[in-house]
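I opened the model and kept notes on what I looked up. The entries follow in the order I made them.

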Amino acid sequence: MIHPLRTSVDSRARTEACLMDCLVVLTWLLALSGVALGLRSLGLSGLNATQDELTVDAITLVVGLGPVAAYLILCETGQLQASWGKRRVGLRVVRADGSRAGLPRLVLRTVVKLLPWYLAHWGLSRLWLNFVPAQWATTCLAAVYLLVPITIGLALVHPQRRALHDWLAGTKVITAD
């Protein structure tokens, strides 16, 4: 069923939803940190400068961002079409025309949404483990500082509150019925 198009979403509600979802992500990262510290205390030090880059990238994607992406995709493809934060403030994700967003759009939306997180992890891990010259890592981190304000700026000033990931995936966030 195609729902009426909404022209505006309350930016306060969208901000609250984002902060609530950040709590979910923070909970995951704290649990992950606890496991890492526990392994370290058992003498399993984890990654070091001799690890290859592909291993570091795979671990960052699979362990760090994979569960976050799965959370967002599963919630937004679900019946309520919303993450926990969006449900709490009465929002949901739909296609730009107001119809239900399908899996490919929501995967693209999530990949673009998490791209700054991955770039930050990538850049910082490269600096920490000395895998690439500092200018490559700095360029990567500079991209984060460009993408995040563009995303936030679009979500705040556009009448439909569509962030960069919404534009690229052809989605928008609306008030739930």
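**Entry 1: two helices**

I began with helix α1 (residues 11-41) and helix α2 (residues 53-77), which pack at an angle of about 145° with their axes 10 Å apart. The axes are lines fitted to C-alpha atoms, for helices over the stretch in contact, and angles run from 0 to 180 degrees between N-to-C directions. Helices (H or I, at least four residues) and strands (E, at least two) are DSSP runs numbered from the N terminus. I noted the crossing of α1 and α2 as right-handed; the near helix is then turned clockwise from the far one by less than a right angle.

Which residues make the contact? From α1 I listed Asp21, Val24, Val25, Trp28 and Leu32, and from α2 Val63, Gly64, Pro67, Val68 and Tyr71. Contact means heavy atoms within 4.5 Å. Sorted by class, this contact has 8 nonpolar, 1 polar and 1 charged residues. Ala, Val, Leu, Ile, Met, Phe, Trp, Tyr, Cys and Pro count as nonpolar, Asp, Glu, Lys and Arg as charged, and the others, Gly among them, as polar.

**Entry 2: source of the values**

The model is predicted, and local features need pLDDT of at least 70, side-chain atom pairs count only at pLDDT 80 or more, while totals for chains, interfaces and linings use all residues. Residues are numbered from 1 along each chain as its sequence is written, and side-chain values use heavy atoms, with hydrogens and water left out.

**Entry 3: the whole protein**

I counted 6 helices and 2 strands in the protein. Along the sequence they follow the pattern α-α-α-β-α-α-α-β. Of the 177 residues, 37% are buried (under 20% relative accessible area; exposed is over 50%, partly exposed in between, with a 1.4 Å probe and protein chains only). Among contacts between residues at least 6 apart in sequence, 69% join residues at least 24 apart.

**Entry 4: single residues**

Is Asp166 buried or exposed? Asp166, in helix α6 (residues 164-169), is buried because its relative accessible area is 0%. Leaving aside neighbours within four places in sequence, Asp166 is in contact with Arg14, Arg109, Arg161, Thr171, Lys172 and Val173.

Next I looked up Leu146 in helix α5 (residues 134-157). Leu146 has a relative accessible area of 57%, so Leu146 is exposed. Leu146 and Pro116 are 30 residues apart in sequence, and their C-alpha atoms are 9.2 Å apart in space.

Last, I found Arg162 over the face of Trp167, at 4.1 Å from the ring centre. The rule asks for NZ of Lys or CZ of Arg within 6 Å of the ring centre and within 35 degrees of the ring normal.
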